[in-house]
Amino acid sequence: MNVDQFLRDPVSRRRFFAMSGVGVAGGSAAFLAACGDDDEESFAANDVEILNGALGLEFTAVAAYEAGAPFLEGELKDVGATFLAQEQEHVDGLTAAVRDLGGTAAVAKEMYDFPTLRNQRDVLRFANELENKAVAAYLDAVPKLSTGDLRRTVYTIVANEAEHISVLLGALEQPQVPQAFVTGSAS
Amino acid sequence: MSEKRLTIRDGDVDTTVIADFEATRRDAVRRGLILGGGVIAASSVPLLLRVRNAFAQSEGDAGILEAAIGLEQTAVVAYETAAKSGKLKPPVEAAARLFQKQEQEHADALVAALHDLGGTPPAAPRASDVEGLSDVRNQNDILNFAIELEKMTVVAYVDAAGKLRSPELVKTGAQIVSNEAQHLVVLREALGKDPVPGAFEAGQSEEQPAAPSGP
């Protein structure tokens with residue numbers, strides 16, 4: 001399907017993000033089951049699960065910026081390359097955090113089923129959608145992380161994703177800061 | 001006797017985040033780089049170094065909210081002063097008005113949260129209370145001042161992320177810090193700087209000049 005269809009069809013988008021291995025809203029059953037337990041190990045296990053969910057989205061973003069790169073022109077080519085590199089830094093940081101917790105880090109999928117990207121505008125719109133999904137996921141995740149260190153790190157990552165959104169909106173000639181409270185719902 | 005705004009409490013730094021921020025700012029001032037080479041009045045430096053007082057001594061969520069409200073109110077005053085100064089080109093003035101409105105929304109939400117905790121919000125500062133604000137002379141000065149204030153705010157929220165107890169406030173703080181980061185994008189672009197210099201926006205990065213556009 002093309003990007004227009006993808007962006008208009010909530011069922012396709014939910015299916016896509018479910019296949020990316022990410023539970024975007026409501027947290028995971030394992031976390032809810034472990035809630036109320038003071039055991040440090042279960043906190044770490046919950047953190048691992050949450051961070052791996054975020055990793056899944058970051059891998060998706062990396063793949064998207066790679067797929068979109070050939071369509072970007074001029075200054076936007078540099079922007080795409082920068083954002084790709086920054087998403088990769090998020091991947092590296094989250095991977096290290098999971099391993100520090102003694103967990104096994106999620107890995108990239110072999111293939112991603114993206115909507116058809118036909119031109120620069122498709123890439124910008126798709127990237128914006130993914131960035132918004134990442135923001136929403138991080139906002140859901142951050143209160144559930146058990147340490148101050150992890151919450152601080154996620155604040156700096158979600159702030160960076162929000163910056164990506166502002167640049168993409170500018171390239172799409174839309175208002176760059178549409179909300180006082182960034183929620184990750186692409187308007 | 002009333003204190004200048006942002007001097008909430010003096011005391012020792014209790015996190016490396018604040019200490020690192022101060023160290024980089026002092027170093028940048030010493031090297032004359034604090035505004036990417038732009039000139040800033042010496043009296044603005046106290047504003048930039050006072051972030052330690054914004055959060056370091058706060059106790060509990062109510063204390064953190066008080067400090068955050070202080071920062072947001074300062075931003076409201078700064079953007080309002082900037083927008084009314086007549087020194088900004090129309091699109092930049094429009095951005096200042098929008099950001100003033102958004103900082104006010106932040107302050108209002110945080111005040112409501114503080115009331116829920118039974119706390120009392122600080123009084124809003126006047127423009128004359130915001131050190132360094134009267135020294136800005138042109139659009140570039142204003143933009144650089146706003147960037148430093150926004151970065152200080154980001155530093156403070158990132159610090160708060162590790163200290164807040166309420167999950168709801170942790171989430172609200174993340175929504176707010178994301179908006180402050182978006183302000184930074186627009187301000188940096190207005191100065192011709194790299195809008196997203198780092199992968200982790202902690203309010204600490206050296207401001208980067210714009211990347212040269214290739215052929």
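This is a predicted model: local features need pLDDT of at least 70, side-chain atom pairs count only at pLDDT 80 or more; totals for chains, interfaces and linings use all residues.
1. H7(A) is mostly covered, with 21 of its 24 residues buried. The helix is followed by A:Glu173, whose phi is positive, near 60°.

2. As regards chain A overall, its secondary structure consists of seven helices and zero strands, in the sequence pattern α-α-α-α-α-α-α. Of the 187 residues in chain A, 46% are buried. Among contacts in this chain between residues at least 6 apart in sequence, 77% join residues at least 24 apart.

3. The axes of H4 (residues 40-68) and H6 (residues 120-141) come within 10 Å and cross at roughly 170°. An angle over 145 degrees counts as roughly antiparallel, and H4(A) is therefore roughly antiparallel to H6(A). H4(A) contributes residues including A:Ile50, A:Ala54, A:Leu57 and A:Tyr65 to the contact, while those of H6(A) include A:Phe126, A:Leu130, A:Lys133 and A:Tyr138. By class, the contact comprises 14 nonpolar, three polar and one charged residues.

4. The largest nonpolar core has 103 residues, of which A:Tyr138, A:Tyr155, A:Val158 and B:Ala78 touch the most other members. H6(B) gives the most, with 14 residues.

5. A:Tyr138 belongs both to the H4(A)-H6(A) contact and to the core. Leaving aside neighbours within four places in sequence, A:Tyr138 is in contact with A:Ala54, A:Val154, A:Ile157, A:Val158, A:Glu161 and B:Ala174.

6. Between the chains, 34 residues of chain B are in contact with 34 residues of chain A. On the chain B side, the elements giving two or more residues are helices H5 (90-116), H6 (139-161) and H7 (167-190). H7(B) gives the most to this side, with 15 residues. By class, the side of chain B that touches chain A has 20 nonpolar, 10 polar and four charged residues.

How values were computed
Residues are numbered from 1 along each chain as its sequence is written. Chains are lettered from A and ligands numbered from 1 in the order in which they are written. Axes are lines fitted to C-alpha atoms, for helices over the stretch in contact, and angles run from 0 to 180 degrees between N-to-C directions. Helices (H or I, at least four residues) and strands (E, at least two) are DSSP runs, numbered from the N terminus. Angles under 35 degrees count as roughly parallel, over 145 as roughly antiparallel, 65 to 115 as roughly perpendicular and the rest as oblique. Two residues are in contact if their C-beta atoms, placed from the backbone, lie within 7 Å. Ala, Val, Leu, Ile, Met, Phe, Trp, Tyr, Cys and Pro count as nonpolar, Asp, Glu, Lys and Arg as charged, and the others, Gly among them, as polar. A nonpolar core is a set of buried Ala, Val, Leu, Ile, Met, Phe, Trp, Tyr and Cys residues joined through C-beta atoms within 7 Å. A residue is buried if 20 or more other C-beta atoms lie within 10 Å of its own, exposed if 12 or fewer, and partly exposed in between; C-beta atoms are placed from the backbone.
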